[in-house]
Amino acid sequence: MPAPSTIAADAVVSIHYTLTLNDGAVVDSSQGGEPLDYLHGHGNLVPGLEQQLAGHAVGEQLQAVVPPGDGYGERDPEGVQTVPRDAFPGDMEIESGMQFQAEGEDGEPTMLVITAVEGDQVTVDLNHPLAGETLNFEIVVEAIREATAEELQHGHVHGPHGHAH
Ligand code: ZN
């Protein structure tokens, strides 16, 4: 089977990317390291980026602007909550800016950021750190290949730059 020439569902795609926010802050980049391998059409990337990558060929560069709704979602004001200090382990140091993983209401792990500590009141933000942000991706398509049957079954890429079991 020939390798797919453009990005389509079930292709394994290698990209170099740089993610910048509207204020110019660079959040993440693969430049200077290994490209990112992902399985197209399986939700490995945020939906807005996958949509804009479709149809592109190896060697192409593109800029993908992804609004929050197609990225990490809008910020949910109800995600900001104030909890008593004694909701945390007593020996734990609590400081504004701290991030840690907690268990969500449905038992799945969720990231939590402490945004303020006032007396015995701690304000936490359960929103994804990139919620509400427009994501500006600079992409270079490095390679495209067909996924193996096992990769399709797992829904992610195997191999040197992919998922390790
Ligand atoms: Zn796997």
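His 165 is exposed, with a relative accessible area of 70%, where exposed means over 50% and buried under 20% (1.4 Å probe, protein chains only). His 156, by contrast, counts as buried at 18% relative accessibility. The model is a predicted one, in which local features need pLDDT of at least 70 and side-chain atom pairs count only at pLDDT 80 or more, while totals for chains, interfaces and linings use all residues. Residues are numbered from 1 along each chain as its sequence is written, and side-chain values use heavy atoms, with hydrogens and water left out.

**Zinc site**
- The zinc ion has as its protein donors His 154 (ND1), His 156 (NE2), His 158 (NE2) and His 165 (NE2), at 1.9 to 2.1 Å, donors being N, O and S atoms within 2.8 Å of the metal (3.2 Å for Na, K and Ca).
- The angles among the 4 donor atoms run from 97 to 123 degrees, and the site is tetrahedral, a label given to four donors if all angles lie between 85 and 135 degrees.
- Along the sequence, the donor residues follow the spacing H-x1-H-x1-H-x6-H.

**Domains and fold**
- The domain assignment gives domain 1 (11–72 + 130–154) and domain 2 (77–125), whose centres, taken over C-alpha atoms, are 31 Å apart.
- The chain contains 2 helices and 9 strands, these being DSSP runs (H or I, at least four residues, for helices; E, at least two, for strands), and from the N terminus the order is β-β-β-α-β-β-β-β-β-β-α.

**Overall dimensions**
- The C-alpha trace spans about 65 × 35 × 30 Å along its principal axes.
- Of the 165 residues in the chain, 36% are buried.

Methods: Tetrahedral: all angles 85-135°; square planar, octahedral: opposite > 155°, others 65-115°. Domains from an automatic or database assignment.
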